[in-house]
Every structure is written in C-alpha cells, then in structure tokens.
Amino acid sequence: MKGKLKIVGIVVGALFLIGMIAIAIIYREPKVAVLSYHNIAKKEEIKKDDPWCVTLECFEKEMKYLHDAGYKTLTMQEFYEWKTGKREVPFRSVLITFDDGLLSNAEYAMPILKKYGFNATIFCIGKEVEKSTAEKWNGDCSLYMKKSKIEEYKKEYPNIEFYSHSYNMHYENAVNCLTKEQMKEGIKKYEELFGKTDVIAYPFGKYNDKVIEVLKEKGYKMGFTLADNKKATRGESNWTINRINVSYDKPLYKFALRLLLPY
Ligand SMILES: [Zn+2]
C-alpha cells in the first residue's frame, strides 16, 4: 500500500512539474492582445443580431476592468517598437482598436477612453468619412464620423489615433478585384484626406501578396488582420498582425480570461 502511494506521489509530482514547465514555455514568448471593436451603442440602438456591436454597458465594464487590473494601453508607436523588438512592454498591455470610423465611437467610446486616460486607435474607411455629413449622433449605428469632426476629436481626445482601413476597399473580395494601380490610387486619396499614414487594418481582415507589395512600396510599416483571433507576437510578419475580435457582448469574466490566455 505504501509503495503504491509513493508511486502515485511521484506521478502527481512529475505531472505538476511538467505542467509548470509547459506554462513557463507557453508564456515565455511575449504577446500583446490587439482588441478589435466596431460599434459601441446603447442596447436600444443596436439592431437585432448585429454581430459587430458592443453595448455601452458592456464596453464600460471592459474599460473599467482594464483600468482596475492595471493594463497599459499602448500607442501605435509603442506597439510598433514592441513588435520590432525595440521596447519591452508590461505583461498586461493591450492595443485597443476600432474599425471603420463609426460615429458611435465618438459618441460613446471616446469619453470613456478619456476618463481612464487610455490610448486607442481608430481605423477609418476613407471614402465613408469623406462622404459623411453626420453632425450629431442620432442612434443610427450605420453613421460614420465626418472628416471635419475628426479634426475636432483629435484636439479633444489627443490619446485617440487615426489610421487607415483603406480608402475604398471595404467590400467583399476587394483585394482580388482591384489592380495594383487602383490600390495605389486609393492610398493617394486616403492621404489627400488624412495626410500620410503608415498603418492599415485590412477591411474584413483580408489581404494578399499584391496588397502587401503595394503597401510596402507606399511606405507602410504594419497591417492588421482579424482572421486568427489570436494575440500578436513578435514572430509573425508585420503585415499579418493578429487581432482579437471583441466586437460583441460577452460576460466580463470571459473578457478577462481571454486577455490572460497565452494565445
Ligand atoms: Zn471594417
């Protein structure tokens, strides 16, 4: 009986040791969660089954959690320096991003981000911002920010940065339909609108070699995807940086757990 207990003890001890070594190996590689949000709106403003909208209530809880848990919200430059090995960042670091340039971000997200002194990035669809005439939020989640208002937001919310979500590639299969010349034309138009930019979040997270070649040629340095739903690592290419889709309501414990998971 004593012999058996000894063997069980050794097996349990060995499994524990293996587990600890595995955890140490998994967490050794530095990773940063790049969070991808879209619309933030009040419950009654969200259309049923909209998969790209977080309620204001949920967003507030998530930002409060990040603050209370001591997360550092990186600027794009800090993220780039971390990504390229020029800077270390705390284990609890995130890059907060919003896709599309939606007016709900200005109405609801920006004041909360400001309250906590958080940095965040908004990836704008150039053409939609150019077309937008929306002066005020009216509860319509399909509204985009207006270009002249963005200039005001920049002053009021200096911790919010704006980068590209393309000028006119925000439709299914655009990466395959457009020629290199058309893509270059889009980049030019985006720059005429926003000035020089060097970071893009691919529309729908879709990219191919042709897009990357054009972006490199035009002086871009990073491209964010959405496909793998994983944390960003230094090992992956700067042109296919993973993000985690958080554009839907989830219990706070799931949000917290997702940030702690090693992938
Ligand atoms: Zn988008």
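Reply: One term is needed at the outset: a nonpolar core is a set of buried Ala, Val, Leu, Ile, Met, Phe, Trp, Tyr and Cys residues joined through C-beta atoms within 7 Å. Please note also that this is a predicted model.

Me: Which residues touch the most other members of the largest nonpolar core?

Reply: The largest nonpolar core holds 61 residues. Helix H4 gives the most to this core, with six residues. The residues that touch the most other members are Val-34, Leu-35 and Val-94.

Me: With which residues is Val-94 in contact, leaving aside its neighbours within four places in sequence?

Reply: Val-94 is among the core residues that touch the most other members. With neighbours within four places in sequence left aside, the contacts of Val-94 are Val-32, Ala-33, Leu-35, Leu-66, Tyr-71, Thr-73, Leu-74 and Leu-259.

Me: What percentage of the residues in the protein chain is buried?

Reply: The protein chain is built from ten helices and eleven strands, and its C-alpha atoms fill a box of roughly 80 × 40 × 35 Å along the principal axes. A residue counts as buried if 20 or more other C-beta atoms lie within 10 Å of its own. Of the 263 residues, the buried share is 35%.

Me: Is Gly-70 buried or exposed?

Reply: Gly-70 lies in the loop between helix H2 and strand S4, where it takes a positive phi of about 80 degrees just after H2. Its C-alpha atom is separated by 7.1 Å from that of Arg-92, 22 residues apart along the chain. Because Gly-70 has 9 C-beta neighbours inside 10 Å, it counts as exposed.

Me: What covers the buried residues of H8?

Reply: The buried residues of H8 are Met-183, Gly-186, Ile-187 and Tyr-190. They cover an arc of only 100 degrees around the axis, which puts them on the same side of H8, whereas Glu-181, Lys-188 and Glu-192 are exposed on the other side. What covers the buried residues includes helix H5, strand S7 and helix H9.

Me: Which residue in S7 is the bridge partner of Ala-120?

Reply: Four of the five residues of strand S7 are buried, so S7 is largely enclosed by the rest of the structure. Strand S6 pairs with S7 in the parallel sense over five bridges. In S7, the bridge partner of Ala-120 is Ile-160.

Me: Is Asp-49 buried or exposed?

Reply: Asp-49 sits in the loop between S2 and S3. Its phi is near 65 degrees, a positive value in a residue other than glycine. Because Asp-49 has 6 other C-beta atoms within 10 Å, it is exposed.

Me: Is Asp-100 buried or exposed?

Reply: Asp-100 is in strand S5 and has a positive phi of about 95 degrees although it is not a glycine. Because it has 23 other C-beta atoms within 10 Å, Asp-100 is buried.

Me: Which residues does Glu-81 touch, not counting residues up to four places away in sequence?

Reply: Glu-81 belongs to helix H3. With 15 C-beta neighbours inside 10 Å, it counts as partly exposed. Not counting residues up to four places away in sequence, Glu-81 touches Lys-86 and Arg-87.

Key
Residues are numbered from 1 along each chain as its sequence is written. This is a predicted model: local features need pLDDT of at least 70, side-chain atom pairs count only at pLDDT 80 or more; totals for chains, interfaces and linings use all residues. Helices (H or I, at least four residues) and strands (E, at least two) are DSSP runs, numbered from the N terminus. A residue is buried if 20 or more other C-beta atoms lie within 10 Å of its own, exposed if 12 or fewer, and partly exposed in between; C-beta atoms are placed from the backbone. Two strands pair if DSSP finds at least two bridges between them. The arc is that of the directions from the helix axis to the C-beta atoms. Two residues are in contact if their C-beta atoms, placed from the backbone, lie within 7 Å.
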